[in-house]
Amino acid sequence: MSQPALLGRRRECELLDRVVSSLRGGQSRALVVRGEPGVGKSALLDYLGATASGCQVVRATGVESEMELAYAGLHQLCAPYLGRLDDLPAPQADALGVAFGLRSGEVPDRFLVGLAVLGLVSGGAAEKPLVWLVDDAQWLDRATAQTLAFVARRLAAEAVGLVFAVRDDDGDDPLAGLEELRLGGLDDASSRELLDTVITGSLDERVRDRIVAETGGNPLALLELHRGLTTAEIAGGFGVAGAPRLSGQIEESFARRVAALPPPSQLLLLVAAAEPVGDPVLILQAAAQLAVDAAALGPATDAGLVEFGGRIQFRHPLVRSAVYGSGSDEDRRRVHRALAEATDREADPDRRAWHLAAAASGLDETVAADLERSAERARSRGGIAAGAAFHERAAALTPDPSERARRTLVAAEDKFRAGLPQDALRLLTIAESGPLDDHERARGDLVRAHVSYATARGRDSPALFLRAARRLAPYDQGAARDTYLEAFLAALSAGRMAHDGGIVEVAEDVLSAERAGALARPARPADHLLHGLAVLVTGGYAQGAPLLRDALDALRKEVASDDDPLRWLWLGCLVARVVADDAAFEELADLQVRLARRAGAVSLLPVALSELTTAALLRGDVVSASTAAAETGSVMLATGGPVSLERAGWLAAFRGDAEETAHVIDSRREGVTRRGEGQWFIATEWMSAMVFNALGRYEEALATTEGSAGHPYDVGIASWYLPEHVEAAVRSGRPERATASAQRLTAIAEACGTDWALGLAARSRALLSDGDEAEELYREALDHLGRTRIRTAEARAYLLYGEWLRRDNRREDARGRLRTAYEMFTAMGNDAFAERARRELFATGERVRRRSVDTVDELTAQERQIAELAAEGQTNAEIGTALFLSPRTVEWHLRKVFAKLGLTSRKQLRDAVRGGDPTPT
């Protein structure tokens with residue numbers, strides 16, 4: 001179907017034509033059309049819908065009064081495809097079914113809902129391209145907006161187009177970052193041409209220019225502002241003077257037209273404005289209760305304000321706004337009361353409760369209780385933001401002060417969970433002004449701590465978590481222990497930048513509460529891990545490490561039978577790093593990722609993937625680390641997350657790229673400082689020192705590590721940090737500065753008793769020794785490290801041993817160790833350490849040609865990851881579920897993989913991927 005381009009919008013229409021062409025070519029597109037009210041966003045969506053021949057077109061419209069009903073907008077789009085619900089993987093089908101109220105079950109993870117929608121659109125587009133058009137997207141309920149943003153970012157080869165029309169962004173916007181079309185006013189020539197189509201007779205040229213200028217070329221303003229004005233007002237230009245904003249002017253124009261209608265028509269329009277779905281049966285039933293006949297719709301239709309068909313639809317959202325704003329308070333309450341009576345209390349209790357709330361003229365406990373029940377239903381469907389809105393409105397109608405404060409507190413808790421921290425703080429302030437009991441005030445403290453940690457990551461949040469934990473202990477010891485765990489994590493993150501609640505204070509508080517009986521004896525795996533960490537921080541490794549080893553062993557045994565092991569795995573990974581247990585670290589990091597994927601717990605994936613990235617780097621598998629890091633970035637784009645989870649700097653450091661490492665650190669420094677993530681500085685000092693040592697810039701490495709060696713906030717990376725300080729001090733000719741670090745590292749190793757720690761300690765002591773003692777320590781280091789997965793540390797030991805042998809004039813012996821180090825570093829892709837080993841080999845008289853790691857370099861990180869999973873025998877659907885992609889996108893990536901590698905079968909792919917394994921034998 002041909003459609004002429006819109007006046008003055010040739011460029012924009014050509015862009016939309018390219019969107020349709022992409023869909024017909026099998027590629028997906030997502031586009032956000034932004035602009036002020038009336039600028040023509042809806043007209044462009046109409047154009048796209050009319051020109052998308054050969055495509056399925058489904059439209060949805062966000063409605064302001066529907067913003068509190070979870071997944072209301074998403075249901076409009078998915079309704080035609082719900083017959084395919086059972087074709088989805090069971091967890092996804094259940095999640096979407098619960099979200100839409102079609103099934104009962106646990107509160108659905110919102111990312112499982114997103115995967116389900118991704119599967120639906122992928123299946124829906126299998127026969128012909130699918131176009132979803134979403135008008136007034138700024139008024140979508142938050143759950144719908146987040147889901148559609150997630151889907152839009154995961155589309156690739158599904159032939160699906162998502163096009164949103166949204167008012168200019170204002171604050172938090174889930175659609176931010178998608179491709180945008182910024183829509184401004186028409187140019188002067190087009191504006192004059194459009195204005196001439198609606199104004200008859202002569203018009204003073206200066207008045208015409210003024211109207212064009214003052215409307216800014218806004219098409220709706222040009223079309224509507226003259227309506228209701230006299231000829232003299234139009235000719236003189238008086239009618240366009242002085243409104244505060246354009247949308248207000250347009251609304252006033254519509255309001256004038258509404259005021260000219262007969263009173264029954266005005267009341268019927270008010271009913272339609274208060275009923276967001278546009279259901280004509282419901283609207284007319286409500287109107288009948290107000291003694292308004294259906295014939296009253298005629299004058300409104302004749303005036304061009306509404307269209308009457310399968311739905312009653314306003315010409316423009318500003319018409320609805322003008323109608324609702326023109327009604328008196330009493331008329332609005334009457335209309336909502338009539339709509340509540342007309343709404344089926346069994347089929348749609350939530351919308352009925354919302355209408356009753358709008359009809360209330362004062363405090364009303366009955367309505368408040370209905371709203372609270374609606375809040376619980378919304379939360380059970382995963383609509384946390386909707387639950388918060390229902391609770392907030394319920395609180396406003398609650399006559400009892402205590403109950404009002406309680407409901408406001410619950411609303412604050414839900415606002416935080418929905419990702420609206422400032423709204424949570426506003427409601428919390430209101431709740432705390434009421435008569436909350438001590439337990440409720442403790443819950444309020446916890447909300448404040450969570451908001452602080454979510455927005456600032458450090459500084460104040462450890463002290464806030466501590467206060468909440470102390471106040472929770474008399475009422476809920478399980479919640480208190482969990483809060484102490486969060487306080488420990490917050491203090492670890494804040495490090496040296498914490499205010500009144502550092503890691504030592506948290507540890508002392510935990511042990512004090514246990515001694516006083518405020519906390520029960522540790523029972524869960526996390527309880528034992530927290531206790532061991534508290535002992536380690538206050539009493540040192542000698543006391544704490546044995547407790548942590550026992551707790552870690554218990555966790556690894558119990559995690560298989562735990563109903564929710566994901567609660568503890570992040571802590572297990574931390575403790576495994578603390579005690580330098582490489583086997584436990586890799587096992588728990590891998591398990592955490594697998595379980596998060598299986599459960600669809602996407603919000604936990606960034607933490608899990610960052611640990612998996614670290615594990616891969618430590619064993620020298622830069623390719624796998626890059627793949628996991630790329631997925632971390634992709635998931636963080638959808639979920640958000642702290643900078644400390646990013647691993648771009650780590651990747652650069654392990655490659656020995658000083659310039660890129662410094663660039664990443666510098667680009668993050670200001671934000672990290674602002675948020676108070678103090679431990680990040682210790683991690684970046686360690687990364688920088690490793691690169692400087694690799695490059696032989698020992699003075700810089702020493703200066704970098706001097707400030708934090710022995711610092712109490714290096715929990716989790718002390719075993720990595722201290723060896724860099726020792727090597728830098730010895731190589732720069734200041735061995736006396738390395739003594740304390742070597743002694744501390746030895747104490748850590750003896751307490752932990754792991755090969756990883758013992759090997760690092762022996763390697764560091766060897767640097768400070770001479771003669772037979774040094775050689776014995778180097779051999780001891782290689783013996784221990786050879787039994788670990790930490791190939792990077794083993795390669796460093798070969799390098800240092802070889803350098804020592806060369807300096808001892810044992811060139812033949814040195815060559816073997818240096819050659820091994822060179823080959824290992826080359827295989828790992830660590831160019832800086834490989835070059836250092838090559839130079840040492842050259843000094844022994846052996847010439848070595850520079851080599852590069854033999855990997856499947858042509859593949860992107862995502863292609864590599866998909867290839868590895870396909871090589872393991874996973875189907876496209878299984879890979880898509882694991883990586884949050886549709887099966888068609890997986891197939892598209894695999895076609896590119898096969899083309900790049902010249903393969904024709906998955907068996908060949910398995911051989912190619914294994915052949916490209918960068919880990920040396």
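Guide: Two strands pair if DSSP finds at least two bridges between them. This model is predicted.

Visitor: OK. What is the strand order in the open sheet?

Guide: The order is 2-3-4-1-5; the sheet has 5 strands, and the pairing is parallel.

Visitor: Which ones are the edge strands?

Guide: Strand 2 (56-61) and strand 5 (180-182), each of which pairs on one side only. Neighbouring strands of the sheet are turned by 15 degrees against each other on average, direction ignored.

Visitor: How many bridges join strand 1 to strand 5?

Guide: There are 3, and the two strands run parallel. Strand 1 covers residues 29-35. Arg34 has Arg182 in strand 5 as its bridge partner.

Visitor: What does helix 1 touch on the sheet?

Guide: Helix 1 (residues 10-24) touches strand 1, strand 3 (130-135), strand 4 (160-167) and strand 5. Its direction makes about 160 degrees with that of strand 1.

Visitor: And helix 6, which strands does it touch?

Guide: Helix 6 (residues 142-154) packs on the sheet against strand 1, strand 3 and strand 4. The angle between its direction and that of strand 4 is about 135 degrees.

Visitor: Back to strand 3. How many of its residues are buried?

Guide: 6 of 6. Leu130, Trp132 and Val134 are buried on one side, and Val131, Leu133 and Asp135 on the other.

Visitor: What stands opposite Val134 in strand 3?

Guide: Ala60 does. Strand 2 and strand 3 are joined by 6 bridges and run parallel.

Visitor: Where does the chain go from strand 3?

Guide: Through helix 6 to strand 4, in a right-handed β-α-β crossover. Strands 3 and 4 are joined by 5 bridges, and Trp132 has Leu162 in strand 4 as its bridge partner.

Terms used: Residues are numbered from 1 along each chain as its sequence is written. This is a predicted model: local features need pLDDT of at least 70, side-chain atom pairs count only at pLDDT 80 or more; totals for chains, interfaces and linings use all residues. Side-chain values use heavy atoms; hydrogens and water are left out. Helices (H or I, at least four residues) and strands (E, at least two) are DSSP runs, numbered from the N terminus. Axes are lines fitted to C-alpha atoms, for helices over the stretch in contact, and angles run from 0 to 180 degrees between N-to-C directions. Contact means heavy atoms within 4.5 Å. Buried means under 20% relative accessible area, exposed over 50%, partly exposed in between (1.4 Å probe, protein chains only). A crossover is right-handed if, with the strands pointing away from the viewer, the path from the first strand over the helix to the second runs clockwise.
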